[in-house]
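Please open the model in your viewer and keep the selection panel at hand.

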Number of protein chains: 2
Amino acid sequence: MHDISKINIELKEHIHDENDHIAYHVKEDMTEKEVMVVNVMGAPGVGKTTTLKNIFKHLTTLKPYVIEGDIESDIDTQDLQNMGISTFQINTFGACHLDSPMIRDAIKKMEFDSKGILFIENIGNLVCPAEFSIGEHVKMLITTATDGSDKPYKYPLAFEKADIILINKCDLLPYVDFDEDFFMKGVRAQNKDVPVFKVSGRTGEGYQEVAAWLEARGLK
Amino acid sequence: MHDISKINIELKEHIHDENDHIAYHVKEDMTEKEVMVVNVMGAPGVGKTTTLKNIFKHLTTLKPYVIEGDIESDIDTQDLQNMGISTFQINTFGACHLDSPMIRDAIKKMEFDSKGILFIENIGNLVCPAEFSIGEHVKMLITTATDGSDKPYKYPLAFEKADIILINKCDLLPYVDFDEDFFMKGVRAQNKDVPVFKVSGRTGEGYQEVAAWLEARGLK
C-alpha cells in the first residue's frame with residue numbers, strides 16, 4: 001500500500017497543477033470577454049439557486065450567465081431557463097466538485113454577447129469545491145442561519161478562500177440559535193477582510209447590496 | 001493527460017477495493033464485540049451531533065460510543081465528552097469523508113466494555129461519504145426541513161444507500177416551504193423501503209422512535 005499512497009499523492013499534485021493551469025486560462029479568456037466569473041459555493045440546501053435568482057433582480061449594468069453544477073439532476077437549470085437566463089448544465093455523475101477542464105469545455109459552448117457575470121453554481125459541498133480553482137474572479141460562499149454558527153470553525157478552508165460571504169435564511173433567525181458574534185469570530189480567524197451580507201431568499205432582503213458589491217468589484 | 005486519467009481510474013478502483021476489504025473486517029470485528037456500527041451522514045449543519053445527543057437519551061439496552069469525524073475542529077467531541085460519552089476524535093485535515101482504515105485504527109484505541117452502538121459521525125458532506133463503507137451495520141442519513149424537499153433528486157446516492165433517514169428541524173416546518181410529498185417521492189425513487197423519521201433537535205421530538213428502531217435492528 002505504501003507505493004500506491006505515494007503515487008496517489010503525486011497524482012493529486014499533478015491534477016491540482018493541471019487544474020490551476022487551465023483555471024488560469026479560463027480566467028484570462030473570460031476577462032477578455034469582459035465577463036466576471038463567480039464561483040458559488042455552499043453546502044446542499046443553503047439556497048444557491050435562490051440566491052442567484054434574487055441577485056439577478058438587482059443587476060443593473062451586467063448581464064447574468066449561469067453554469068449549473070449538479071451531480072445528476074437539472075432541476076435548477078430548468079428553473080433558470082424558464083426565467084430566460086442563459087444557463088448551461090454540467091452533470092458530474094458522482095464527482096463532488098467542479099474543476100477547470102469542465103468549465104473550459106462549457107464556456108466553449110456558451111455565447112457571451114455582452115459584458116456580464118457568469119455565476120457558476122458548484123456542487124453542494126462545503127469541503128471539496130474550496131480546493132479547486134475553476135477560473136473564477138470571485139469565490140462567493142453561502143451559509144445559513146439555520147446551519148449554525150460553528151461552520152467557520154468546522155470548514156475553515158471555504159471561509160478562508162471566500163471573497164464574499166452570504167448568510168442566507170435570515171428570516172428564520174428568530175426561531176433558531178444562531179450566535180452571530182461566535183460566527184463572525186470564526187470568520188475573522190480565517191479571513192480578515194471578507195465582506196459578510198445577511199440575506200433571505202424567502203423575503204428577498206439583502207440582495208440589492210450583494211448585487212451592488214458584485215457590479216462594483218470589476219475584473220480583478 | 002490520457003495515461004494519467006487511466007492510472008487515476010485504476011487507482012481509485014484499487015482504493016475502493018482496499019477500503020471495502022478493511023470495512024468488511026471492521027464490521028466483523030465490531031459484530032464480535034456486539035457493538036452495532038452506525039455511519040451518521042449528512043450535509044454540514046443538519047444537526048448530526050444534536051441528533052446523537054437526543055438519541056442517547058432514549059437508548060435503554062445499548063451503550064453509546066462515538067467516533068467524531070471532523071476536518072479540523074474538536075468542538076463536537078468536547079461537547080460529547082462533557083456529557084460523559086466515550087468519544088474518539090478523527091481529524092481528516094482536508095479529506096472530505098472518513099474511510100475504513102481510519103476507523104480500523106480508531107477502534108484499536110477505543111475500549112468497548114459492553115454491548116452497544118458505535119455512532120460514527122462522518123464529515124459534513126452529502127456526496128463523498130456515501131461512496132465509502134466504513135464497516136457500518138447501518139447508514140443513517142440526516143437531512144432537514146430547512147434544506148428543501150429536492151435533496152433526494154440532487155444527491156441520489158446518499159438516499160439510495162441509507163438504511164434510515166431522519167428529517168431534522170421539523171419544528172421549523174411552519175416557516176419554510178418543505179413539500180413532504182415531493183420529498184418522499186424522491187426518496188422512494190431511490191430507496192423503496194427505507195424508514196423515514198421526522199425529528200426536531202430543538203424540541204427533542206421523534207428521537208424515541210429512532211432509538212427504538214436502532215435497538216430493535218440487531219447486528220445484521
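At what angle do helix H2 (residues 48–56) of chain A and helix H3 (residues 75–82) of chain A pack? In this predicted model, the angle is about 15°, and the two axes lie 11 Å apart. Because angles under 35 degrees count as roughly parallel, H2(A) and H3(A) are roughly parallel to each other. Their crossing is right-handed. To see the contact itself, select A:Thr49, A:Lys53 and A:Phe56 on H2(A), together with A:Asp76, A:Asp79 and A:Leu80 on H3(A). Colouring this selection by residue class will show two nonpolar, one polar and three charged residues.

Next, turn to chain B and select helix H2 (residues 48–56) and helix H3 (residues 75–82). Here the axes come within 11 Å and cross at roughly 15°. H2(B) is therefore roughly parallel to H3(B). The crossing of H2(B) and H3(B) is right-handed. On the H2(B) side the contact is formed by B:Thr49, B:Lys53 and B:Phe56, and on the H3(B) side by B:Asp76, B:Asp79 and B:Leu80. By class, these are two nonpolar, one polar and three charged residues.

The next stop is the interior. In soluble globular proteins, nonpolar side chains tend to be buried together. The largest nonpolar core in this model comprises 98 residues. Which residues have the most contacts inside that core? They are A:Phe119, B:Phe119 and B:Leu214. Centre the view on A:Phe119 and display its surroundings: residues up to four places away in sequence aside, A:Phe119 touches A:Val38, A:Val40, A:Leu52, A:Ile55, A:Phe56, A:Leu59, A:Pro64, A:Tyr65, A:Val66, A:Ile67 and A:Leu214. One of these, A:Phe56, also takes part in the contact between H2(A) and H3(A).

Now select A:Asn19, which is located in helix H1 (residues 2–32) of chain A. Is A:Asn19 buried or exposed? Its relative accessibility is 4%, so A:Asn19 counts as buried. Beyond its neighbours within four places in sequence, A:Asn19 is in contact with A:Asp99, A:Ser100, A:Pro101, A:Phe132 and A:Ser133.

Finally, select A:Glu34, in the loop between H1 and strand S1 (35–42) of chain A. With a relative accessible area of 40%, A:Glu34 is partly exposed. In chain B, select B:Glu34, in the loop between helix H1 (2–32) and strand S1 (35–42). Phi of B:Glu34 is likewise positive, near 60°, and at 40% relative accessibility B:Glu34 counts as partly exposed.

Methods
Residues are numbered from 1 along each chain as its sequence is written. Chains are lettered from A and ligands numbered from 1 in the order in which they are written. This is a predicted model: local features need pLDDT of at least 70, side-chain atom pairs count only at pLDDT 80 or more; totals for chains, interfaces and linings use all residues. Side-chain values use heavy atoms; hydrogens and water are left out. Axes are lines fitted to C-alpha atoms, for helices over the stretch in contact, and angles run from 0 to 180 degrees between N-to-C directions. Helices (H or I, at least four residues) and strands (E, at least two) are DSSP runs, numbered from the N terminus. Angles under 35 degrees count as roughly parallel, over 145 as roughly antiparallel, 65 to 115 as roughly perpendicular and the rest as oblique. A crossing is left-handed if the near helix is turned anticlockwise from the far one by less than a right angle, and right-handed if clockwise. Contact means heavy atoms within 4.5 Å. Ala, Val, Leu, Ile, Met, Phe, Trp, Tyr, Cys and Pro count as nonpolar, Asp, Glu, Lys and Arg as charged, and the others, Gly among them, as polar. A nonpolar core is a set of buried Ala, Val, Leu, Ile, Met, Phe, Trp, Tyr and Cys residues joined through side-chain atoms within 4.5 Å. Buried means under 20% relative accessible area, exposed over 50%, partly exposed in between (1.4 Å probe, protein chains only).
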